[in-house]
Amino acid sequence: MGDQLNTDDKISISSRYLLHDNYPNPFNPTTTLRYDLIEDSFVNITIYDMLGNVVNNLVHADQSCGYKTVQWNATNNTGKEVSAGVYLYKIQTGDYSQTKKMILLKWLELKRSIKINLLFFIGKNSTSIKNWSIYKPLK
């Protein structure tokens, strides 16, 4: 019959729990978290700020074994956008727990930071830097 499943065929299933690096990282406005479950499990994936405060309970559910993905859109539990910065994401399932870092960049906040740093630099060196083309007021 040709296409029969042979008991010698290997099915690729992860042999351990694993939390992969998010992609992209740094990110704006969304990132994807990937993880492997070796058995059916109750899974918690939580996003924390650098002070350890819960930002978003991303996953809180029973899940079947296999390769999983979930996206985070840089919002908190109430749906409000969070500020740029470093965040931690943690998976917990059974006895397994792992935490990783990710960086949220926001262009407007980055431009403001550059402007503030340039203003500080220009103030200190006002005789040498007057008309840099990189310095443009933010709208």
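Modeller: Two strands pair if DSSP finds at least two bridges between them. Strands here are DSSP runs of E, at least two residues long, and helices are runs of H or I, at least four residues long, with numbering from the N terminus.

Biologist: What kind of model is this, and how are its residues numbered?

Modeller: It is a predicted model, where local features need pLDDT of at least 70, side-chain atom pairs count only at pLDDT 80 or more, and totals for chains, interfaces and linings use all residues. Residues are numbered from 1 along each chain as its sequence is written, and side-chain values use heavy atoms, with hydrogens and water left out.

Biologist: Which elements does the protein chain have, and in what order do they run?

Modeller: The protein chain has 1 helix and 7 strands. The order from the N terminus is β-β-β-β-β-β-β-α.

Biologist: How do you know that β6 and β7 pair?

Modeller: Count the bridges. β6 and β7 share 9 bridges, in the antiparallel sense. The rule asks for at least two, so they pair. T93 stands opposite Y96 in β7. The hairpin of β6 and β7 has 2 residues between the strands, and G94 there takes a positive phi near 55°.

Biologist: How many aromatic pairs are there?

Modeller: The count is 3. Rings of Phe, Tyr and Trp (its six-membered ring) pair if their centres lie within 6.5 Å; planes under 30 degrees apart are stacked, over 60 edge-to-face, and the rest tilted.

Biologist: What makes the aromatic pair of Y17 and Y96 stacked?

Modeller: Their centres are 5.3 Å apart, and the angle between their planes is 20°. The distance is within 6.5 Å, so the rings pair. The angle is under 30 degrees, so the pair is stacked. It links distant parts of the chain, 79 residues apart: Y17 is in the segment before β1 (18-19), and Y96 is in strand β7 (residues 96-104). Both Y17 and Y96 are buried.

Biologist: Why is the pair of W72 and Y87 called edge-to-face?

Modeller: The ring centres are 5.5 Å apart, and the planes stand at 70°. W72 lies in strand β5 (residues 66-72) and Y87 in strand β6 (residues 85-93), so the pair ties together parts 15 residues apart in sequence. Ring pairs also link W72 and Y87 with F27 into a cluster.

Biologist: Why does W72 count as buried?

Modeller: Buried means under 20% relative accessible area, exposed means over 50%, and partly exposed is in between (1.4 Å probe, protein chains only). W72 has 0% relative accessibility, so W72 is buried. Y87 has 5%, also under 20%, so Y87 is buried. Across the protein chain, buried residues make up 30% of the 139 residues.

Biologist: Why is N53 called partly exposed?

Modeller: The relative accessible area of N53 is 41%. That falls between 20% and 50%, so N53 is partly exposed. N53 sits in the loop between β3 (41-48) and β4 (54-63).

Biologist: What does N53 touch, not counting residues up to four places away in sequence?

Modeller: N53 touches I47 and Y48 (contact means heavy atoms within 4.5 Å). N53 and L88 are 35 residues apart in sequence and 9.9 Å apart in space, C-alpha to C-alpha.

Biologist: Where is I103, and why is I103 called partly exposed?

Modeller: I103 is in strand β7. Its relative accessible area is 35%, between 20% and 50%, so I103 is partly exposed.
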